[in-house]
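Subject: Structure handover

Hello,

Please open it first, then read the notes below.

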Amino acid sequence: MAIALLRPEPPVCDCLEPLPPGFLSAADLDPAGWHGLLALSARLKAEWRLRRAHPTRPLRGRSAALLFEHPSLRTRTTFELAVRQLGGEAVHLAGAEVGLGMRESVGDVGRTLGRWVDVIVARTRRDATLRELAASAGVPVVNALTDREHPCQALADLLTIQERTGGVAGRTVVFIGDGNNVAASLAIAGVSLGATVRVVTPPGHELPEPVVQEAVAREREAGGRLELWHGPQAAVVDADVVYTDAWTSMGQEDERQDRLRTFAHYRVDERLLAAAPDHAVVLHCLPAHRGEEISDAVLDGVQSAAWQQAENRLHSAKAVLVGLLA
C-alpha cells in the first residue's frame, strides 16, 4: 500500500515511511487506505474553508516537481496550489521541455529529479512511462493521469459523492461512456469504499479486464460491487450518481468521428436524466464537450455537482501529498 493513513487529529496522516513508487493506481490503496484518504481529504477541506490556511503547514521544507506531457487545467493548478498552501514549493515542467524518452531517458529524468525534489506529480501519455519514472526516482511519484488510470480524479469524485449523498457505501454510481482511465480508477476506488459502480459502455468499450478483476477481488472485503452494462436508460433508474466523461480522450483524436457515432446513444441529457431518481447527482470530471457526452441543461442544471467536483480536486490533491510526505 503506497499511502498509509491516519490518526484522527491533527490533520496529518500517521504514515508509514513513504516508499516509492507512490500513488500510481487506485489499486495501490486497500479499502482501509481509501477510507483514510477520503477522510483526510474531507478534513483538509474543512480546515481550509474555516481558516483559508493550514496552520500546521505539513509540507514546509518539501518540494514537488509537476511533470506534464498532456495539457492540464485542474490537475496542474490544484497540485501546484496544494503544495504551496501546505507550505511547500512546486516547479512545473512541461513535457516538451523535458522530452521524456527523447531528449533524455525516462530513467535519467527520474534519477535527476529524485535528487532535487521530495515528490513527482506526473501526467504521462503512457502508463509504462509513469512506472519507469517511479522505478528510478527514489521518491514517491503520483499519477496525475495516464492512458490507464486517473486515481487522483477518483478521490475528488468520491469526496463529492460523500458530500452530496451523505456517504459512499451503499450508493449506486453509474458511469456512462467509455471504459477509460477515469472509469477504471473510479471502479476500483468506488468498490473499495462500498459503492455499487455500474459502468455503462457501448460493446467493445468496456473496462480493461485487469481493472475488472481488481475491482471484483475487492467486492467481498469492501462490500461494494462492480457491474458492467450496455443500456444507459435502464442503468440509471436507481442511480444515486450519474457520471460521464468525454468520449474522446487525449491521444484518441483520430478516432473522434467514429466515437461520436458509437457513443451517440450514451449522452447524459434531459431525457436520460428523467429516467433517474430526482435525487441523482450528476458528475463530470471536465473538460466537457457540451452537446456530445452531456447537454448544457444537465451540466448547468440543479443536479450537477461538476463544479463542486472540480473544487474538490484541490483538497484531494492535498490529501495525497500529505499522505505521502507528512
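Start with Leu286. It is buried, because its relative accessible area is 11%; buried means under 20%, exposed over 50% and partly exposed in between, with a 1.4 Å probe and protein chains only. Leu286 also has a positive phi of about 65°, although it is not a glycine. It is found in the loop between β10 and α12. Helices (H or I, at least four residues) and strands (E, at least two) are DSSP runs, numbered from the N terminus. The peptide bond from Leu286 to Pro287 is cis, with omega near 5°. Pro287 has its place in that loop, between β10 and α12 (296-299).

Before the rest, some ground rules. This is a predicted model, where local features need pLDDT of at least 70 and side-chain atom pairs count only at pLDDT 80 or more, while totals for chains, interfaces and linings use all residues. Residues are numbered from 1 along each chain as its sequence is written, and side-chain values use heavy atoms, with hydrogens and water left out.

Overall shape

The protein chain has 13 helices and 10 strands. Along the principal axes, the C-alpha atoms fill a box of roughly 55 × 45 × 35 Å. Of the 326 residues, 59% count as buried. The chain exposes about 13300 Å², and carbon and sulfur atoms supply 50% of that area. Areas come from the Shrake-Rupley method with a 1.4 Å probe; for residues, only the protein chains shown count as cover. Take the contacts in the chain with a separation of 6 or more: residues 24 or more positions apart account for 76% of them. Contact means heavy atoms within 4.5 Å.

The sheet

What is the strand order in the open sheet of five strands? It is β8-β7-β6-β9-β10, with parallel pairing. Two strands pair if DSSP finds at least two bridges between them. β8 (225-229) and β10 (281-284) are the edge strands, each pairing on one side only. On average, neighbouring strands are turned by 20° against each other, direction ignored. For that angle, axes are lines fitted to C-alpha atoms (for helices over the stretch in contact), and angles run from 0 to 180 degrees between N-to-C directions.

Now the pairings. β6 (residues 172-176) and β7 (residues 196-200) run parallel and share five bridges. Ile176 has Val200 as its bridge partner in β7. Four bridges join β6 to β9, again parallel. Here Phe175 stands opposite Tyr243 in β9. Another four join β9 to β10, also parallel. Tyr243 stands opposite Leu283 in β10, and Val242 has Val282 as its bridge partner there.

β9 (residues 241-244) is covered on both faces: Val241 and Tyr243 on one side, Val242 and Thr244 on the other, all buried. In β10, Val281 and Leu283 point one way, Val282 and His284 the other way, and all are buried.

Cores

A nonpolar core is a set of buried Ala, Val, Leu, Ile, Met, Phe, Trp, Tyr and Cys residues joined through side-chain atoms within 4.5 Å. The largest has 61 residues, of which Trp34, Leu207, Leu226 and Leu321 touch the most other members. Leaving aside residues up to four places away in sequence, Leu226 touches Ala187, Val191, Val197, Val199, Leu207, Val212, Ala215 and Glu219. A second, separate core of 19 residues includes Val200, Leu273, Ala280 and Leu299.

Two more residues

Asn312 is found in helix α13 (residues 306-325). Asn312 counts as buried because its relative accessibility is 0%. Beyond residues up to four places away in sequence, Asn312 touches Lys45, Ala156, Leu159, Thr160 and Glu163.

Arg57 is found in the loop between α1 (31-51) and β2 (63-68). Phi of Arg57 is near 45°, a positive value in a residue other than glycine. Arg57 counts as partly exposed, because its relative accessibility is 31%.

Best regards
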